Amino acid sequence: MQAEPDLDTTLMAIVKAAVDYIPGAEHAGISLVERGKVRTVAPTCDIVETIDQLQYDMREGPCVDAIAEHQTYRSGDIGKETRWPVFGPAAAGHGIHSMLSYRLFVTDTTLGALNLYSSRFDAFEPRTEPDGRLFADHAAIALIGAQRHAQMTIAVEHRDTIATAKGILMERHDVDAARAFRMLVEASQKANMKLHQVAAWLAENRREALGVPPANRR
């Protein structure tokens, strides 16, 4: 998994390997946490996205709990689960009866959850959990490595734009480079935009940012 060339390929390699490696798994997907929101990536089939969206909308289910409670959740008859009384019957209505969800994390950082699905009842045996946990640990390491590589690539590609935006903020607010960069990061978080997108906007709208009135048009 760590040998894959980019983030998307790494994600696809993880879910494919999960179905191949973990007994009972028919489908797999990853619920990725980004900027406080959760989205499904690299689903092995459409039903994965459908079941995940039910969990996000209902705010309950093994995937949601795996992320929030930092534990592994397994069910062999999801439709009768008292833990998820709304989501369970809805998932069973779509033909999914067994689920196994692992939190993906490194140190104290939660990346999301690895979710496994089956149309069979009791598809995941108790002894499957520790083997799957080991797989999820390796998957988390591969995922964080791919994410950091992608971030570095983006930073290199957009460093000139970010440098320009920093210069604008330094001039406008009379701050040093470190404070200007923090201001960019804060703006990125508030606007829910990537750092380089905020920097590009600032560079394109520098006159407005600096408080310079627009030039008179003839």
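At what angle do the axes of helix H6 and H7 cross, and within what distance do they come? The axes of helix H6 (residues 159–173) and H7 cross at roughly 110 degrees and come within 9 Å. The legends below describe a predicted model, in which local features need pLDDT of at least 70 and side-chain atom pairs count only at pLDDT 80 or more, while totals for chains, interfaces and linings use all residues. Residues are numbered from 1 along each chain as its sequence is written, and side-chain values use heavy atoms, with hydrogens and water left out.

**View 1. Helix H6 against helix H7.** The crossing at roughly 110 degrees makes H6 roughly perpendicular to H7 (65 to 115 degrees; under 35 is roughly parallel, over 145 roughly antiparallel and the rest oblique). Axes are lines fitted to C-alpha atoms, for helices over the stretch in contact, and angles run from 0 to 180 degrees between N-to-C directions. Helices (H or I, at least four residues) and strands (E, at least two) are DSSP runs, numbered from the N terminus. From H6, Ile162, Ala165, Lys166, Leu169, Met170 and His173 are in contact with Ala177, Ala180, Phe181, Met183 and Leu184 of H7 (contact means heavy atoms within 4.5 Å). The contact of H6 with H7 has 9 nonpolar, 1 polar and 1 charged residues. Here Ala, Val, Leu, Ile, Met, Phe, Trp, Tyr, Cys and Pro count as nonpolar, Asp, Glu, Lys and Arg as charged, and the others, Gly among them, as polar.

**View 2. Helix H7 against helix H8.** H7 (residues 177–191) packs with H8 (residues 195–204) at an angle of about 110 degrees, their axes 9 Å apart. H7 is therefore roughly perpendicular to H8. Phe181, Leu184, Val185, Ala187 and Ser188 of H7 make the contact with Leu195, Val198, Ala199 and Leu202 of H8. By class, these residues are 8 nonpolar, 1 polar and no charged.

**View 3. The open sheet.** Its 5 strands have the order E2-E1-E5-E4-E3, with antiparallel pairing (two strands pair if DSSP finds at least two bridges between them). Strand E2 (37–41) and strand E3 (73–75) are the edge strands, each pairing on one side only. From one strand to the next, the twist averages 20 degrees. Helix H1 (residues 7–21) lies across strand E1 (27–34), E2 and E5, and runs at about 140 degrees to E1.

**View 4. Strand E5 and its partners.** Strand E4 (residues 98–106) and strand E5 (residues 109–118) are antiparallel and pair over 9 bridges. Val106 stands opposite Thr109 in E5, and Ser101 opposite Asn115. E4 and E5 form a hairpin with 2 residues between them, and Thr107 in the turn has a positive phi of about 45 degrees. E1 is joined to E5 by 6 bridges, also antiparallel, with Leu32 opposite Gly112 in E5. In E5, 8 of 10 residues are buried (under 20% relative accessible area; exposed is over 50% and partly exposed in between, with a 1.4 Å probe and protein chains only).

**View 5. Ser118 in strand E5.** Ser118 belongs to E5 and is buried, with a relative accessible area of 0%. Leaving out residues up to four places away in sequence, Ser118 touches Gly24, Glu26, Gly95, Ile96, His97, Ser98, Ala123 and Phe124.
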